[in-house]
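Subject: Structure handover and findings

Hi,

Here is the structure for you to look over. My notes come after it.

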Amino acid sequence: MSSTDAPPARPGADRAGAQRPVLAARNGVAAVFALNGLAVATWFARVPAVREALDLSAGGLGLLLLSMSLGALLAMPTAGLVTQRLGAARAVVLGAALVAGGMIVAGTSAGLAGFLPGAAVGLFVFGYGAGTCDVAMNIEGTTVERRLGRTILPRFHAAWSLGSVAGAGLGAGAARVGVPVAVHLSVLAAVVIVGTLLGARSFLPEAGDAPAGGGTAAARRASLLAAWREPRTLLIGLLVLVMAFAEGSANDWLAVAFVDGYGLSEAAGAAVFGVFVVGMTIGRTAGTVAIDRWGRVPVLLGTTLLAGVGACLAVLAGSGLVAIFGVALWGLGASLGFPVGLSAAADEEDGAPARVSVVGVIGYTAFLGGPPLLGLLGDHVGTLRALLAVPLLLVPALALVPVLRESSRRVTPAGARDRPRAPQG
């Protein structure tokens, strides 16, 4: 049979073929998110050991953690431009390489040498790499979400949480059997960089392209500046700031707070942090179904309230078991704010990388200011009581949730862009 006599390709087959690269990219993005979560949780699970090795007060530990947050915040304003110029895959690999190098330097400086400046430098590099990787993988994630035409970004963040569960579990086990911090962080650094290299190979080739309207550096900068003048983008960023504080406070201080406030061992404190990230994982996995069924606004109102109640229980319960239940509620409630905010920022494809970058910069301000502020507050009222700042900020943030309402201009799935979008359910 000649080529001219061949039967026409079926539309379903065409759509399936168009979706294969998107599904491969989905898997690659999920792997990169998981590895990033593994790296971050590995560090935070060993914070009590680092504090002991460096003999730091709560305020001193807060200042050390500030170096990591400062690195992340400095990376954020340019990470969107770097991703547009290099592509998401290269930007993610660059970020992961910095994360791995920072883990090794911080772990070696604290665990072997007891050298505070070296640990601070390592954490700065770690933070800079994490900030770059965070923006790049979220830009790729929002691109995949638009191509699939359904809510999926929270599930990528669920993969991050699964990586965090693994990191917290490994951290608790390493602390229990006495694995040196330097050895632990160095081994995990190697796993992170190799895994990221493999995952980034399946990213969509379109990700990271210049925004519509010009591919020059000047056009990219103009797109970023325009995003900083959009009221909706700034309000989303403010909401993400509060939700990042609710999440980041637990990442930074939960293990230490339960060690200090409830008299737990270092290993048990790391396990409590693991409870938090399990709650985050469940919320981010189930949250996509809830959002597609009921919409962002009602779901985020409910989860934000849940986070506030959980944080209050964690601090005020008095009983260890009730407090741990509160930690689980806290994780469940704080799970959706950050990813849903980024997803909302990318509702319109034109300029989406710039908006995601802007929201990321604003959100990461919480990671910059949170650790030292809570550390200084902890010096006066105790580390555990300092965490009451979380529900105090969540209550007024409820007024910002309506800004996340879905845009009517979201892109339909790949291979189906000329058809009306099927109802979600």
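Below are the conventions, then the findings, grouped by region.

This is a predicted model: local features need pLDDT of at least 70, side-chain atom pairs count only at pLDDT 80 or more, and totals for chains, interfaces and linings use all residues. Residues are numbered from 1 along each chain as its sequence is written, and side-chain values use heavy atoms, with hydrogens and water left out.

**Overall**

The protein has 16 helices and 0 strands. Both are DSSP runs numbered from the N terminus (helices: H or I, at least four residues; strands: E, at least two). Of its 425 residues, 57% are buried. Buried means under 20% relative accessible area, exposed over 50%, partly exposed in between (1.4 Å probe, protein chains only). The protein exposes about 16400 Å², with 67% of that from carbon and sulfur atoms. Areas come from the Shrake-Rupley method with a 1.4 Å probe; for residues, only the protein chains shown count as cover. Take the contacts (heavy atoms within 4.5 Å) between residues at least 6 apart in sequence: 85% of them join residues at least 24 apart.

**Helix H11**

An α-helix has 3.6 residues a turn, so residues three or four places apart point the same way. Just after H11, Gly 318 takes a positive phi of about 85 degrees.

**Nonpolar cores**

A nonpolar core is a set of buried Ala, Val, Leu, Ile, Met, Phe, Trp, Tyr and Cys residues joined through side-chain atoms within 4.5 Å. The largest one has 115 residues. Trp 43, Phe 126, Leu 254, Phe 276 and Trp 330 have the most contacts inside it. H9 gives the largest share of this core, 15 residues. Another core lies apart from it, with 5 residues, among them Leu 224 and Ile 362.

Trp 330 is worth a look. Its relative accessible area is 0%, so it counts as buried. Beyond four places in sequence, its contacts include Ala 250, Leu 254, Phe 276, Ala 307, Gly 310, Ala 311 and Ala 314.

**Aromatic pairs**

The whole structure holds 3 aromatic pairs. Rings of Phe, Tyr and Trp (its six-membered ring) pair if their centres lie within 6.5 Å; planes under 30 degrees apart count as stacked, over 60 as edge-to-face and the rest as tilted.

- Phe 33 and Phe 156 are stacked, 5.8 Å centre to centre with 20 degrees between the planes. Phe 33 is in H1 (residues 11-45) and Phe 156 in H6 (residues 153-177), 123 residues apart. Phe 33 is buried at 0%, and Phe 156 at 2%.
- Phe 276 and Trp 330 are edge-to-face, 5.8 Å centre to centre with 80 degrees between the planes. Phe 276 lies in H10 and Trp 330 in H12, so the pair ties together parts 54 residues apart in sequence. Phe 276 is buried at 0%.

**Single residues**

- Arg 46 lies in the loop between H1 and H2 (47-54). Arg 46 is buried, at 4% relative accessible area. Beyond four places in sequence, what it touches includes Gly 171, Val 179, Pro 180, His 184 and Glu 266.
- Asp 55 is in the loop between H2 and H3 (58-86). At 69% relative accessibility, Asp 55 is exposed. Its phi is near 55 degrees, positive in a residue other than glycine.
- Thr 132 lies in H5 (residues 116-148) and is buried at 6%. Leaving aside residues up to four places away, Thr 132 touches Ala 75, Ala 79, Ala 91 and Gly 95.
- Met 280 is in H10 and buried at 1%. Met 280 and Gly 333 are 53 residues apart in sequence and 7.6 Å apart in space, C-alpha to C-alpha.

Best wishes
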